[in-house]
Structure formats: C-alpha cells, structure tokens
Amino acid sequence: MTDAARDRRIAEVVGAVARQALADRGRTRIALIDDGSPEAALAVRLLAGRLGGDRVARVTVDENLVDQVAQELGTDWRLAAGEVQRMQARLVDDALPAHPANKTALLLGGDLPPEPLLPLGDLWATDVLALQGGWSAPGEVEALAEAAGGIDALDGALRRLIDGRDPAALDSLDPAIAGRVREMLAAGSASRRHPRIVPKLGARTLCADLYE
C-alpha cells in the first residue's frame, strides 16, 4: 500500500466511524478538544475532510478562563486547561465531544479520557508523526520515549506487544524502561477494561448485559 493509499484509508475509517458515532448519539457535529497538538491538527484535518468543516467545532484554549480556574483551585495550568476545554466541549450545542490523543498516549497515559469519541485512538504516535510531522503525549510518556531512544523504539516495542501479541516485545528496551512501560500499561488497564463502573444489583445493568 502506498503512503497516499494508506492516508486515504485512515481518513475514510476515521470519517466513517465519526459519522456513525454522531448518528448513534443523535448529534450533528463533533466538539473536538484542540490543545494545539499535532494530534488535534490531524484530527481536525481528517474529520473536516470527511464530514465537512461546519460539522467540526474546535474547542481551543481560553487562556483567561484557564488562568482564573487555575488560580482559584490552585492547580497546574495545563491540567486546568484540559478540564476547562473538556467542560466547554460538553457545552457545545448538539455536539459529540472528542479527544485527539494517539494510541501510544492512551495506552501509557493512565485512565482514558472521558470523551466518547477518540478519533486517533488506533493511530500510534509514530503514525501521527508520519501523517502530521509531529506527535505529543503527556509529559511522562514523552520522557519515557526519550529515555527509550526515541518514539520509534518505544512505539516499535509497543506495536509488537499489542498488535503482534509478542510477550517478549519489551525485551528490546532497557530493563528499567521496559519495567516502567509495564507499570504504565497496568495503571490504565482498569479504565480500558471497565469504562463505566456500575454495582450490579438487578438482573441486567445499564452496561453491556443490558443489550445482550
């Protein structure tokens, strides 16, 4: 498959899934959290290209509002920015909130974002790098990639572990780095296995078994 064919296929899949997500939720557009990252730029390009620009609302950082929230709560500015954007995305009229994180970030970054649509959730950081010319992740993930010898080395090991189901995949990394990767994968595993936690009291909860 050529690069152009691969890029077209990615755009088609992302667009089709987003279109179906809108139909399933009864919404007409997507509210994408735009943090200025390469992932956000790529998500906008893919979604707008397939759905139309009028169906993608970019939720950018309101620095004045973030400053106010960070000061009042005494919290980190970057953390406050993410939560403010998340709130704003939920308030966009008739829109489905979406988060642009890549697969590498989602696997190693702890709990999954609560947004129902993750348009780049099956694109590795190296895929984003190839498509957009850059990549990003939470600070600890970026530092881990640097310590591993670059994102190609980290993603390569993760691809073999996750996509290739190779139990020895992380052996290509320094033992200390491999150990940290395992810890970070484990830390977010509960979020991926159980996106909603509902104590089961009746015969059928409102999670998966309601639709069996």
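**Loops and helix packing**

Tutor: Aspartate 94 lies in the loop between α4 (77-91) and β3 (95-98), where helices (H or I, at least four residues) and strands (E, at least two) are DSSP runs numbered from the N terminus. This is a predicted model, in which local features need pLDDT of at least 70 and side-chain atom pairs count only at pLDDT 80 or more, while totals for chains, interfaces and linings use all residues. Residues are numbered from 1 along each chain as its sequence is written, and side-chain values use heavy atoms, with hydrogens and water left out.

Student: What is the phi of aspartate 94 near?

Tutor: Most residues other than glycine have a negative phi. Aspartate 94, a residue other than glycine, has a positive value instead, near 60°.

Student: Is aspartate 94 buried, partly exposed or exposed?

Tutor: The classes rest on relative accessible area, with buried under 20%, exposed over 50% and partly exposed in between (1.4 Å probe, protein chains only). The relative accessible area of aspartate 94 is 30%, so this residue is partly exposed.

Student: Is arginine 165 buried or exposed?

Tutor: Arginine 165 is found in the loop between α8 and α9, and its phi is also positive, near 55°. Its relative accessibility is 73%, and therefore arginine 165 counts as exposed.

Student: Which side chain is joined to that of serine 37 by a polar contact?

Tutor: Serine 37 lies in the loop between β1 (29-33) and α2 (38-51), and counts as buried because its relative accessibility is 9%. A polar contact is a pair of N or O atoms within 3.5 Å; within protein, one must be able to donate a hydrogen and the other to accept it, and residues adjacent in sequence count only if both atoms are side-chain atoms. At 2.6 Å, the partner of the serine 37 side chain is that of aspartate 35.

Student: How are α7 and α9 oriented to each other?

Tutor: Axes are lines fitted to C-alpha atoms, for helices over the stretch in contact, and angles run from 0 to 180 degrees between N-to-C directions. The axes of α7 (residues 139-148) and α9 (residues 175-193) come within 10 Å and cross at roughly 155°. Angles under 35 degrees count as roughly parallel, over 145 as roughly antiparallel, 65 to 115 as roughly perpendicular and the rest as oblique. The pair α7 and α9 is therefore roughly antiparallel.

Student: How many residues of the contact of α7 with α9 are charged?

Tutor: Contact means heavy atoms within 4.5 Å, and here it is made by Glu140, Val141, Leu144, Ala147 and Ala148 of α7 with Ile177, Arg180, Val181 and Met184 of α9. Ala, Val, Leu, Ile, Met, Phe, Trp, Tyr, Cys and Pro count as nonpolar, Asp, Glu, Lys and Arg as charged, and the others, Gly among them, as polar. The contact of α7 with α9 has seven nonpolar residues, no polar ones, and charged residues numbering two.

Student: How are α7 and α8 oriented to each other?

Tutor: Helix α8 (residues 151-162) packs on α7 at an angle of about 100°, with the axes 7 Å apart. These two helices are therefore roughly perpendicular.

Student: Which residues of α8 make the contact with α7?

Tutor: By class, the contact of α7 with α8 has seven nonpolar, no polar and no charged residues. From α7 come Val141, Leu144, Ala145 and Ala148, and from α8 come Ile151, Ala153 and Leu154.
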